[in-house]
Amino acid sequence: MYSKLGYSRSMSTRRRLTTKLRSLVRGGPKVCCSVEIQKEPGDIGALRARGEVTLPVRILAPPRKRALRKLREDFPILQQRTAGRPAVYLDSACSSLRPTAVIDAIDSYYRSYSGCHGRAQHAFGTATTAAFEDARRTVGGFLGAKAASEIVFTRNTTEAINLVARGLDWRQGDAVVTSDLEHNSNLLPWQDLAERAGVEHRVVPTRPDTRFDMDAFRARLDPRVKLVSVLHSSNLTGVTFPIADIAREARRVGAMVLVDAAQGALGHDLNVDHSGVDFLAMSGHKALGPTGTGVLYAKRTAQDRLTGMLAGGETVTDTTYTGRTLGPAPYRFEAGLQNYAGIIGLGAALQYIEDVGQRRIARHVRTLNTLATEQLGKLDRIDILGPADPALRSSLLTFTVRGIEASDVAWLLSQGANVMTRAGKHCVHAWYNARGQAPAVRASFAFYNTPEEVEFFCWTVKDVLRAYPG
Ligand SMILES: Cc1ncc(COP(=O)(O)O)c(C=O)c1O
């Protein structure tokens, strides 16, 4: 980092200068900085003893030690009422809610040390650099990356996918393979590439219940395939693709693999070492983190094959009027000043998820989905999209109601009961259009939802059916 910044003075000279400066400014303004750290009491004691913490300090038990129901208290938005009713938020697949730990991390950047990453030699700058790089390490750990430098920050999943679509060295005759269940963000970049560079876009059909079809996939692989880009978990039906198997097959023909893990961060193992993928894209806002934050994991060997999408500050170590020296990864992919507060919040979010525990999250949403499926699946006028077995749909229940349009159902649930779901084609228009499938209602469950909320949602759907006989 420091060599990147071009620091030249030796440490001993800098130390001497520092001591001299301190004696000069002894009478200067006092800076008071308050730090909020959520740690166990023992840790706080140790930090205090080293003089690293000043008051006030809020002491909360870590999430793994509290019941999921108690964790709802960490989400301020769940404590409020709208028009006198509590909100039943069943739209976490669109965007998750944020715990206080994330809001505090963002807040503390702006309140306590809002500087610039990398460039500064002052306290705010170094604190920003430390917190930003700490977040990168947290993300790297969350994804099982071998090095933090394999983590590139982006605005969202969409930008991360575009970075790969624009950054690889595509040649006429190359091919890219996706599935027919991809979100528009993992479809349009490849359509664009096909038009721009003559790359062939091959689409693997999924099975009728939207599960991955390995035979159909193998039939579309050959040495012309440069990249396989598939979803981890579907935002339409909740099915999960067998990523490790897909990566193994892709490697056989020398293809790289990109995973769209936008829906994977809550309740799934995204470990890239386990799956063996080259790239992974995810969004902070679906993982308890802030909007406008995302990640592209790029394996070191894959980074070597990638050029940055944007040129500008932070991507270089030196320039002349006619040339530049590109910086190392990940900085050469992160042009311009980054969303520091957001990324620091993202680090807090992924830490929070790890503390809650992916297995615990997965078990809970499966229980909720089973409950909802049992209640709604047996109703005459309801058709569930995707596999009948809720265990194969992780946190999603997407359904149509015969005789009522999806947008009317979602509107009635919201207006009548403050139950928040999502209706439409869920940015998977191509899948809907190819099948002539009507738009659907999607309920998505998270670890902060309760069985009572799911019961209430099901009762409300039944009320809608009674009010609007088919
Ligand atoms: C599977 C999938 N991929 C990609 C995206 C795009 O995510 P973002 O809008 O955060 O870039 C979404 C968003 O819903 C998604 O569900």
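Predicted model: local features only at pLDDT ≥ 70, side-chain atom pairs only at ≥ 80, totals over all residues.

Tutor: Residues are numbered from 1 along each chain as its sequence is written.

Student: How many helices and strands does the protein have?

Tutor: Helices (H or I, at least four residues) and strands (E, at least two) are taken as DSSP runs and numbered from the N terminus. Counted in this way, the protein has 17 helices and 17 strands.

Student: What percentage of the residues of the protein count as buried?

Tutor: A residue is buried if 20 or more other C-beta atoms, placed from the backbone, lie within 10 Å of its own, exposed if 12 or fewer do, and partly exposed in between. Over the 470 residues of the protein, the share that counts as buried is 42%.

Student: In what order do the 4 strands of the open sheet that includes β17 lie?

Tutor: Two strands pair if DSSP finds at least two bridges between them. β13 and β14 are antiparallel over 3 bridges, strand β14 (residues 396-401) is joined to β17 by 4 bridges, again antiparallel, and strand β16 (residues 422-424) pairs with β17 over 3 bridges in the antiparallel sense. The order of the open sheet is therefore β13-β14-β17-β16.

Student: Which strands are the edge strands of that sheet?

Tutor: An edge strand here pairs on one side only. That is the case for β13 (382-384) and β16.

Student: How many of the residues of strand β17 are buried, and on which faces?

Tutor: In a regular strand the side chains alternate between the two faces of the sheet. In β17, Ala440, Arg442 and Ser444 on one side and Val441 and Ala443 on the other are all buried, so that both faces are covered. For strand β17 (residues 440-444), the count of buried residues is 5 of 5.

Student: Is threonine 325 buried or exposed?

Tutor: Threonine 325 lies in strand β12 (residues 324-326), and its C-alpha atom is separated by 8.8 Å from that of threonine 315, 10 residues apart along the chain. Because threonine 325 has 9 C-beta neighbours inside 10 Å, it counts as exposed.

Student: Is threonine 210, with its positive phi, buried or exposed?

Tutor: Threonine 210 is not a glycine, yet its phi is positive, at about 75°. Its place is in the loop between β6 (200-204) and α9 (214-218). Because 24 other C-beta atoms lie within 10 Å, threonine 210 is buried.

Student: Which peptide bond is cis, with omega near 5°?

Tutor: The proline concerned, proline 330, is found in the loop between β12 and α13 (340-356). The cis peptide bond runs from alanine 329 to proline 330.

Student: Which residues come nearest to the ligand?

Tutor: A residue is near a molecule if its C-beta atom, placed from the backbone, lies within 6 Å of it. Of the 13 residues around the ligand, those that come nearest are Asn156, Thr158, His183, Asn235 and Ser283.
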